[in-house]
Amino acid sequence: MRAHALLAESQFFKELSKDSLRTLSGICSRQELRKGEILFREGEAGRAVYLLRRGAIRLSKTAEDGTEVVIKIIKPGETFAEVVLFEQERYPASATALTYSEVFVFPRAELHRLLDREVFRNDFIRALLKKLRYLADQLFQRSGQNAERRLLSFLVEQGGECPTFRLPMSKKEIAAAIGITPETLSRCLRRLRRRKIVVWSGKTVTWLKPPAANSVDF
């Protein structure tokens, strides 16, 4: 898929005008990552914003005790590292490829030049605000969910209604990403299997009871 087509389908950029999409696609390049390769480290100078084309990227931070805390698993079509454009000049988290991945790279300096153009700036800020509202809504919903609901929400987010899909991360990483312990995750999976909702074998997830579209109301 070409950059322009992926931009038009991505959650973040799809609201941009055709002219803005064309301009944006003109400054990006493609980068491949091997499984386990680090795209950037927490604290490094923020040189670019990224859009995941394929694969999976783990965003993580280092806690005070030195342990790694998973913040989010990036899926294809999602943008990340936008914070280096406005709020801070260094990456606040590390990004690691969980599988072979491809990203589109948008250099920070080039984006700043585009943001000097009023039409592009208005389009971009509108898209940014929409993403912030979406993330705030997701955080609010997750904060009110118990562990089982958090897990189901995560699985719907990762696999949608596909009957069977593979997850590119370990159970430990997933537990960290949804804010529960690995032991709690294991208990949730046993309950969900007994209730004939989902089966998790290795890294393969199979829905026994398909989720309703955009819902985890089982």
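Tutor: Happy to! Let's start at Leu-24. Leaving aside its neighbours within four places in sequence, Leu-24 is in contact (heavy atoms within 4.5 Å) with Leu-7, Phe-13, Leu-16, Phe-106, Leu-111, Leu-114 and Phe-120. Before going on, a word on what you are looking at: this is a predicted model, where local features need pLDDT of at least 70 and side-chain atom pairs count only at pLDDT 80 or more, while totals for chains, interfaces and linings use all residues. Residues are numbered from 1 along each chain as its sequence is written, and side-chain values use heavy atoms, with hydrogens and water left out.

Leu-24 belongs to the largest nonpolar core, which has 38 residues. Such a core is a set of buried Ala, Val, Leu, Ile, Met, Phe, Trp, Tyr and Cys residues joined through side-chain atoms within 4.5 Å. Buried means under 20% relative accessible area, exposed means over 50%, and partly exposed is in between (1.4 Å probe, protein chains only). The members that touch the most others are Phe-13, Leu-24, Phe-40, Tyr-50, Ile-57, Phe-80 and Phe-106. Strand β3 (residues 48-54) gives the most to this core, with 5 residues. Strands (E, at least two residues) and helices (H or I, at least four) are DSSP runs, numbered from the N terminus. Apart from this core lies another, of 27 residues, including Leu-185, Cys-188, Val-198 and Trp-200. In soluble globular proteins, nonpolar side chains tend to be buried together.

Now find the open sheet, where 4 strands run in the order β1-β8-β3-β6 with antiparallel pairing. Two strands pair if DSSP finds at least two bridges between them. At the edges stand β1 (29-33) and β6 (79-80); each has a single partner strand, so one side of each is left without a neighbour in the sheet. The pairing of β1 with strand β8 (residues 101-107) is over 5 bridges, and Glu-32 has Glu-102 in β8 as its bridge partner.

Next, look at Ala-97 in strand β7 (residues 94-97). Ala-97 counts as buried because its relative accessible area is 2%. The C-alpha atoms of Ala-97 and Gly-36 are separated by 5.2 Å, though the two residues are 61 apart along the chain. Beyond four places in sequence, Ala-97 is in contact with Leu-33, Arg-34, Lys-35, Gly-36, Glu-37, Ala-56 and Ile-57.

Not counting residues up to four places away, Arg-108 touches Gly-46, Arg-47, Ala-48, Val-84, Leu-85 and Glu-89. Its C-alpha atom is 7.4 Å from that of Gly-46, 62 residues away along the chain.

Ala-81, in the loop between β6 and α3, has a positive phi of about 75 degrees although it is not a glycine. Ala-81 counts as buried because its relative accessibility is 13%. Lys-196, in the loop between α8 (182-194) and β10 (198-201), has a positive phi of about 60 degrees and is not a glycine either. Lys-196 counts as exposed because its relative accessible area is 59%.

Finally, step back to the whole chain. The protein chain has 8 helices and 11 strands, and 44% of its 218 residues count as buried.
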